[in-house]
Amino acid sequence: MDPDDEDDRLRDFADRAIRDALRNPTNLREFLGDALPAIVEHLDFSKANYLPRDFLLDDWRGRESDLLVEIPFLWKAVERTILICILLEHQTNPDARMPLRTLIYTVLYWERRWKEWASLEKPRPQFVVQPVIPIVLHT
């Protein structure tokens, strides 16, 4: 094994451990209960849909988020899917670019949904821009 590969694996250990823990719906519910106490009771965790984390840009560069989960949000007998975008940051100081990073992931997600919608046969349902809730877990 290349020593650099081992360094990358060790450096990414905390991110991978948290991602793996949050893939369990019970853990995700508990985490979001702390982060979003006002809405957690309205989320249907039994239908949580974990999405691919990577986005391929037009110039072949890639972006990778930490955790993307679509979850139905139930309010007054209306169900609407929302995206929870969780970014894990293990750094000494807060990153002033974090609002821009969360915006980029949000736009990339919407673009992915738009392309999926555009590929549907006509007549298509109306395109809906799904709400996105970005959460930055900074340790």
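This is a predicted model: local features need pLDDT of at least 70, side-chain atom pairs count only at pLDDT 80 or more; totals for chains, interfaces and linings use all residues.
I began with helix 4, where I found Met 98, Thr 102, Tyr 105, Thr 106, Leu 108 and Tyr 109 buried (under 20% relative accessible area, with exposed meaning over 50% and partly exposed in between, for a 1.4 Å probe and protein chains only).

Residues are numbered from 1 along each chain as its sequence is written, and side-chain values use heavy atoms, with hydrogens and water left out.

I then looked up the length of helix 4, which has 21 residues and reaches 30 Å from its first C-alpha to its last, close to the 30 Å expected at 1.5 Å a residue (the expected span being 1.5 Å times one less than the number of residues).

Next I turned to Thr 102, found in helix 4 (residues 98–118), and noted that its relative accessible area is 12%. Leaving aside residues up to four places away in sequence, Thr 102 touches Leu 87, Pro 134 and Val 136, where contact means heavy atoms within 4.5 Å.

For the chain as a whole, I counted 4 helices and 6 strands, both being DSSP runs numbered from the N terminus (helices H or I, at least four residues; strands E, at least two). Along the sequence they follow the pattern α-α-α-β-β-β-β-β-α-β. Of the 139 residues, 32% count as buried.

Of its 19 residues, Leu 28, Leu 32, Ile 71, Ile 84, Ile 86 and Ile 135 touch the most other members. Helix 3 (25–35), strand 4 (67–75), strand 5 (78–89) and strand 6 (132–138) each give two or more residues to this core. A second, separate core of 9 residues includes Leu 51, Leu 87, Met 98 and Tyr 109.

Finally I followed Leu 28, which touches Leu 22, Phe 45, Tyr 50, Val 69, Ile 71 and Ile 86, not counting residues up to four places away in sequence.

Conventions: A nonpolar core is a set of buried Ala, Val, Leu, Ile, Met, Phe, Trp, Tyr and Cys residues joined through side-chain atoms within 4.5 Å.
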